[in-house]
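These are my notes from a reading of one structure. I record what I looked up, in the order in which I looked it up.

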Amino acid sequence: MSIMEKRPIIQVRDLQARYGEKLILDGISFDVYEREILAVLGESGCGKSTLMKHMVGLIEPAGGEVIIDGERITGAEEETYRRILRKMGVLFQGGALFSSLTLAENVALPIQEYTDLPDQAVNALVRFKLGMMKLDGYEHFFP
Ligand SMILES: Nc1ncnc2c1ncn2[C@@H]1O[C@H](COP(=O)(O)OP(=O)(O)OP(=O)(O)O)[C@@H](O)[C@H]1O
Ligand SMILES: [Mg+2]
């Protein structure tokens with residue numbers, strides 16, 4: 001692997017997480033590199049979801065920092081944070097799609113929200129993305 005490919009995308013540095021007085025995570029540090037897949041395992045209540053919420057900046061850490069693609073999200077300005085957020089995708093355990101929207105409408109929503117593309121281009125992108133998932137033909141189905 002060349003040095004160019006060894007770029008940390010997610011850096012967690014000495015993270016400390018608390019809910020009130022209760023210390024949940026302490027001294028957590030790791031890097032996730034481009035193309036690397038990291039799984040976090042542990043018993044119920046050990047702090048996996050808490051770690052994830054810190055990694056996407058939903059919760060400010062009690063200590064330490066989270067760096068995404070070279071930029072600190074910890075204590076970041078709203079504008080910086082919003083820009084970094086657009087590089088992330090978070091899939092929740094349940095309710096990942098809007099059940100009242102079709103598959104095509106679900107895929108179109110973030111594109112309409114974040115670009116000024118005309119409808120025709122949005123529709124082409126939607127067809128392309130659904131095709132990648134072998135879901136062509138299911139555009140008008142609900143999740
Ligand atoms: N909002 C909160 N306020 C107070 N305590 C919380 C809060 N959220 C989680 N906790 C506590 O923090 C600890 C870690 O919870 P967390 O949800 O991160 O665990 P988990 O590893 O994701 O568990 P599971 O496997 O059940 O999803 C638990 O003791 C939990 O009760
Ligand atoms: Mg959890």
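I looked up which elements line the largest pocket of this predicted model. Strand 1 (8-19), strand 2 (22-33), helix 1 (48-55), helix 2 (78-85), helix 3 (103-114) and helix 4 (119-132) each give at least two residues to that lining. I noted that helix 3 provides the largest share, namely eight residues.

I then turned to the volume of the pocket and its centre. The largest pocket holds about 2,200 Å³ of space. Its lining consists of 50 residues, and those closest to the centre are Met88, Gly89, Val90, Leu91 and Phe92.

Next I sorted the lining by residue class. I found 35 nonpolar residues, 10 charged residues and five polar residues in the lining of the largest pocket.

The protein chain is split into domain 1 (3-85) and domain 2 (93-143). Taken over C-alpha atoms, the centres of domain 1 and domain 2 are separated by 29 Å. Each of the two domains contributes at least three residues to the lining of the largest pocket.

In which sense do strand 1 and strand 2 pair? I recorded an antiparallel pairing over eight bridges. Within this pairing, alanine 17 stands opposite leucine 25 in strand 2. The hairpin of strand 1 and strand 2 has two residues between the strands, and glycine 20 in this hairpin adopts a positive phi near 60 degrees.

Key: Residues are numbered from 1 along each chain as its sequence is written. Chains are lettered from A and ligands numbered from 1 in the order in which they are written. This is a predicted model: local features need pLDDT of at least 70, side-chain atom pairs count only at pLDDT 80 or more; totals for chains, interfaces and linings use all residues. Side-chain values use heavy atoms; hydrogens and water are left out. On a 1 Å grid over the protein atoms alone, a cavity is a set of points where a 1.4 Å probe fits but cannot get out, and a pocket is an open set with protein on both sides within 12 Å along at least five of seven lines; lining residues have an atom within 4 Å of a point. Grid points are joined across faces, edges and corners, and a volume is the space filled by probe spheres set on the points. Helices (H or I, at least four residues) and strands (E, at least two) are DSSP runs, numbered from the N terminus. Ala, Val, Leu, Ile, Met, Phe, Trp, Tyr, Cys and Pro count as nonpolar, Asp, Glu, Lys and Arg as charged, and the others, Gly among them, as polar. Domain bounds come from an automatic or database domain assignment. Two strands pair if DSSP finds at least two bridges between them.
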